[in-house]
Amino acid sequence: MPSSLTCVKTGERQVAMTQIPYPDAPGPGQALVRTTLSTICGSDIHIVDELPVPAGVPMGHEAVGVVEAVGAGVTAFKAGDRVVTSCLVCCGTCARCMEGDQQVCETFNSPGNLLFGAQGELFLVNGAQTSMAKVPDNLEDEQVLLVTDIMSTGFGAIERAGMKAGDTVAVFAQGPVGLCGTAAARTLGAGLIIAVEAIPERQAMAKRMGADIVVEPADAVARIMELTANRGVDVAVEALGQQATFENCCAVVRNGGTVSSVGVYGAFPVLSLPTSGSFMHRKIVTTLCPVGTERMNRLMGLVASGRVDLRPLFTHSLKLSETVAGYDLFRQRKGGVLKIALRP
Ligand SMILES: [Zn+2]
Ligand SMILES: [Zn+2]
């Protein structure tokens, strides 16, 4: 029976590297994958520090790897295939999956459909047939890893806002997801792109990803209204997960415009909706990360054609065995950290 040195939640605000066993032969619909590149996500910090997720959970839901073995019913992949794995797994056949909302798959919904264990040498993928995608030979791991989660979330934020070519877009917070939102706005044809961020390294990265102007959070609303001649933006993206940011998004969206919320409000069980101004004349959309084979193929197509290059987001590199140190680094948001490449 193979075992995997994997980062596991061991208590509140605690993770440790632990050996966990995996079956030689994956069960029906499953694939066993050997990790070649993984990373730490903002959601991991919510899971470890804030959410009532029990100890013992194998961490990590973003990975590129090589298939070791597949179970019955998995015909699209075989041992030796190089794959990316969606951060949320899906069955491909339930009503939600058939409608293209694989992120809220009805089959894998209890307690949730998050992929677990990708911060380990090996991990098991449920719904492998529709939750993985083959990586083209000419793309390296760093080019495709983010299609599993944050690139898809950032692009989803812009797509679900119904952004039109030439729209003015504000993206609040330039952490990894916000930066992907900024890159998406540029790739999908936004006009003026305004990023909101206070950390200097992230301000610089926002420009690199496509922001025309970066404003400080403290006076973001006033600056954005000034930059848009008091009209407001067509689309405002919330990519932090805080009440104040959400309210600022509502304040800067023009009448008929859209607030697109993708921040994880992990520590805030209630988000209240500002009703001042013209709340009935705005659209508010939220989304979980869009997932599944075709979604990842589409995003890898953008990468392969050179439309998007998110490799600069990998600011740090550690061994998989050093993942625990990576959590501390990521939590502190110091040293310009955005994404940490974890390699076996
Ligand atoms: Zn994530
Ligand atoms: Zn499904």
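Donors are N, O and S atoms within 2.8 Å of the metal (3.2 Å for Na, K and Ca), and with water not among the atoms, sites may look incomplete. This is a predicted model, where local features need pLDDT of at least 70 and side-chain atom pairs count only at pLDDT 80 or more, while totals for chains, interfaces and linings use all residues. Residues are numbered from 1 along each chain as its sequence is written, chains are lettered from A and ligands numbered from 1 in the order in which they are written, and side-chain values use heavy atoms, leaving out hydrogens and water.

**Exercise 1.** Work out which atoms hold the zinc ion (ligand 2) and why the arrangement is tetrahedral.

*Solution.* Start with the donors: SG of Cys-91, Cys-94, Cys-97 and Cys-105 coordinate the zinc ion (ligand 2) at 2.3 to 2.4 Å. Next, take the angles: the four donor atoms subtend 103 to 118 degrees, which makes the arrangement tetrahedral (four donors, all angles between 85 and 135 degrees). Finally, read along the chain: the donor spacing is C-x2-C-x2-C-x7-C.

**Exercise 2.** Are Cys-91 and Cys-105 buried or exposed?

*Solution.* Both Cys-91 and Cys-105 are buried (under 20% relative accessible area, with exposed over 50% and partly exposed in between, using a 1.4 Å probe and protein chains only).

**Exercise 3.** Find what Val-84 touches, leaving out residues up to four places away in sequence.

*Solution.* Contact means heavy atoms within 4.5 Å. On that basis, the partners of Val-84 include Ala-63, Met-132, Val-144, Met-296 and Met-300.

Conventions. Tetrahedral: all angles 85-135°; square planar, octahedral: opposite > 155°, others 65-115°.
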